[in-house]
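Subject: The structure I promised you

Hi,

Here is the structure we talked about, pasted in just below. Have a look at it first, then read on for what turned up.

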Amino acid sequence: MRKSTKWMSVALAGALTVSLAACGSDSKDNETNTSNGGSTTETPKAENVTITFQNIYPDPSTPAAKILDKIVKQYEAEHTNVKIELDSLNTDQQKAKLKTQAASKEVPDITIVNPAAQMKDYVDAGLFAPLNDMLDKNGLKDTFQEGILNWYSFNDNVYALPDGNNVAVMFYNKKLFADAGIAAPPTTFEELLADVKILKDKGITPMVMGEKDTWTGSFLFMNILLRTNGPGFLQSVVDGSKNFSDPAFTEAVDAFQQLVQAGAFQDGATSMDYNAAENLFKTGKSAMYFMGSWATGAIDQSTIGPDAGVFKFPTVNGKGNTDEYMLAPGSAFAISANSKHVEATKDFLNYFMLQFPKVSFDEKNAVTLAQKVDGDFAAAGYSPLQMEVAGIKGAVKGGDLSFDNTMNPATSQVHLTSIQNLFVQKVDSASVGKEHQTAYDSNK
Amino acid sequence: MNQALTSSAASLAKPARKRVPIARISVLTLLGILLVTQLYPLLWLVLYSLKSNEEILSGKFFALPKSLQWTNYKQAIEAHYWQYLYNSVFVTVVTMVCVIVLASMVAYAITRFKWKLGPVVMLIFLMGMMIPVQSTLLPIMMIFKNIPGLMGTRWSIILPYIAYQTPIAVFILSGFMRTIPLEIEESAHMDGASIMRTFRSIILPISVPPIVTVCILTFINIWNEYILAATFISSAKYKTLPFGVNSFVSQYSSNYGAIGAYLVLGALPVIIMYFVLSEKITKGMVAGAVKG
Amino acid sequence: MNALKVPARTIALFVLPCLLLYVCLVFVPIFYSMYTSTFDWNGIGVKKYIGLDNYVNILYHDKVFWPAVKHTLLFAVFSMLEIPVALLIATLLNRYVRKPNFFVSAYFVPVILSVVIIGQLWKTIYNPASLGGMINQTLDSLGLHSWTHSWLTEPDIAMYALYFVALWQYLGYHLLIQFTGISNIPTEIYEAAKIDGAEGFKADWHITFPLVVPIFKISIILAFIGSLQSFDMIMVMTGGGPAHATDVIATHMYNMSFASSKFGYGSAIAIILVIVCLVATVIINTAFNKLEKKIG
């Protein structure tokens, strides 16, 4: 196949010349000095380097994009021979692009991946450079929070550096709770169901879910499973000590269905995307919102910011430890093993990550970082909600990763759809388990 | 009635202007309703582009913005609007020109030249009409990475665009050319004109109507194309308008107002141009056996 | 029809530039997809040869595939049924309206607008009444609460809601094609017919419709291709959900390749799609050629 693609390329190059000539267009593109993945251009002298930095922060008005831009500009000013070319894409498109690039071994110098299972294939294929040596430079390793890098490590090598570290919490609207006469947020699943009923009777949408993006429902479901089983259910499935017909799993499915059947979620949840759902909460149309702590900033700045609070996900049927959370280690920067200038790229990423906490802190975006932050949040004007979330993050006693960070992509997709299905029809929990098991077995 | 008859030529093209008024009124009402449903999105888009995110996400079908959010436009223009617009225009125009030249040559060869492989070539092109782009991203990248200096440039999207638009263009153009009477070329041939000249100065000018059709189809397919462009273009220098639209969609937030503003800025020039040219376009556009 | 005799060199000059480009970028990828479709491959790691297993799995064990085929073909049928309607409207425009060009252009507007915006607009139309959805609010205010639906999330309805959007969006597209076909019919033909006593719809039936058959064919094929490749709009509106209720072949293929990382499997779906398309094109083409012969 390699040979034949080479041959095709020659043919294509021929066809290209001919057809361009036929077009009568002599517009030669003189600006072909781009370096895509560093693969096409031999840098004439080692001094001049262009680093392609694929990222998922396209909107210049968001804090993440501002932070990125600021550090990149700073670095370019200090290293005039280095040019950082930002390929900023929205998340879905970046995922698809990286997959296509990986399949043809054209990974850009820096790219973004998700932790654990979602990056394993890339690491196994040898596409990423190990970053251990770079982490030791300038004490970068010590800036990261305890244990966080484990999610990005394979065979004792770290392959990516995270931009954040989040946990799933339940945001709630204190004012709507008070209006409905609910004194305190629920601590058990039964209370949660009761509150759903009270809110619903008052004409308030109890909870919103952007289930068009299927991971949102899965995230909540997995938190229920974390309570009914304790941490590590999926790991036990992988080890072979448990399977999806386990009572803990079916119990979680049943609990989740109770929530759906009680009318906890807004109408039309499965066609509503993340943004639209979050907006319902942010405009005071819904009382609760289950989401990763990354949403804190946006909720904080919304109209209901002062009324917003968080509570820990309750116990389910008396089971579970509320200090265990759904963990969401952030998307992470990885360096291509085939990069033409690995050292220069490592040097840049080292600088980038060292600056990251400071600049994030100034942009009021530091509560969700994966790195330690020097600075007093309260003194810097972080809000009570931000402080509350920071408090929760400080007291996390373990938990689980999301389904798609733990299982392979094919099984994950079946799982995500299976949970989405629960929003539109009632299903026997045993058959949900069976569906999972079949998917897992056939995609091992 | 008499007046209608005497005012004449037009009434011949529109043979039944003198129908019963009731029919006319009901038809006009129907067409009017359609006009509203098809034009409303434009108004909606303009309103949308001036709203805040909260207003947009509240999902009201008809609502005016509380205060006009001109910042949406400021943000849109700051998101490389001029650069991307230039790239989009460049890519679209080059693609259109190449598609027309290349496809009309092939169509001419298939319908006019005497060679055994003609039908085979036609079939090969027919097969390609239906290939979904999403399924070919990877193989194309595999090929392109072996051609130095191609990946990441404008040509890395222009070439696939041309390749994907030619089948339908060949299909439409050959359908038309088949109906051009052969005598026209034969006489030119006898006067000593080369094939190339006959093609250029006789066939192409006659074929303007289907060429306009091909232009429109090509334009529609390329102006908003994002998946292929996003895969092959990395540098902001070469990105096209859909990148701008999508740049306001982040992982955990979307800036809908700015998206709307970007779409207005991207679509409005086209729509205005289209309305101005529409007379020419519809006049010029026709295909197939009508002339024959 | 006799053809021009030209040297092979000239043929090559006319055909090769386009053919080479096309073969390299469209044809080779298909063969490459055929090749990958015989592997179990996640797109990144090692390929494992599995023969035709992917095809067997798709055709016999894939619970999503056949519904997706059904949705796609229904989509194609509806799109093709739209064309006679477009032709009718084109005839009416030509007959009753003084400045038909303005109308044709106006009807064309939704085609130019990005699918992103079309999706957002229709969501505000289909939303539940509690979120200000236009249809449901109207039904509610008419006292027809029992008629309200969650249009995009009820599995039995959602697909039809999507068809409707597509039909609405592409009406102008086909109308434009049909209209130009009609307006290019030489007026002399109508004059002649008028002398023979054919006017109005009678003239349409005997003159307009037969003369636009070739254009009708182009429209039909474009509609067919369009609906088989429908992808963007579904991704924006429902993402194929709830629980695959609105998946079509193209979205299924994309999800399999990119979300589930089963490139081999995705390629196999693509190949099946190509075969279906090819067969359909040949059928449509032959049918129309026969029809044209009959009329001509």
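Strand β3 (residues 110-113) of chain A is covered on both faces: Ile110(A) and Ile112(A) on one side, and Thr111(A) and Val113(A) on the other, are all buried. Buried here means under 20% relative accessible area, with exposed over 50% and partly exposed in between (1.4 Å probe, protein chains only). In a regular strand the side chains alternate between the two faces of the sheet. Strands (E, at least two residues) and helices (H or I, at least four) are DSSP runs, numbered from the N terminus.

Before going further: this is a predicted model, where local features need pLDDT of at least 70 and side-chain atom pairs count only at pLDDT 80 or more, while totals for chains, interfaces and linings use all residues. Residues are numbered from 1 along each chain as its sequence is written, chains are lettered from A and ligands numbered from 1 in the order in which they are written, and side-chain values use heavy atoms, leaving out hydrogens and water.

Back to β3(A). Which strand does β3(A) pair with? That is β12 (residues 332-335) of chain A, in the antiparallel sense, over 4 bridges (pairing takes at least two bridges found by DSSP). Ile112(A), for one, has Phe333(A) as its bridge partner in β12(A).

Next, helix α14 (residues 342-362) of chain A. Its 21 residues reach 30 Å from first C-alpha to last, close to the 30 Å expected (1.5 Å times one less than the number of residues). Even so, α14(A) bends by about 40° at Phe356(A), and Pro357(A) follows within four residues. The bend is the angle between axes fitted to the seven residues ending at a residue and the seven starting there. After α14(A) comes Lys364(A), with a positive phi near 55°.

Now the holes. There are 11 cavities of 30 Å³ or more. A cavity is a set of points on a 1 Å grid over the protein atoms alone where a 1.4 Å probe fits but cannot get out, and lining residues have an atom within 4 Å of a point. Volume is the space filled by probe spheres set on the points, which are joined across faces, edges and corners.

The largest cavity has a volume of about 200 Å³. Its lining has 15 residues, and among those nearest its centre are Met272(A), Leu57(B) and Lys123(C). α5 (115-126) of chain C gives the most, 3 residues.

Cheers

Terms used: On a 1 Å grid over the protein atoms alone, a cavity is a set of points where a 1.4 Å probe fits but cannot get out, and a pocket is an open set with protein on both sides within 12 Å along at least five of seven lines; lining residues have an atom within 4 Å of a point.
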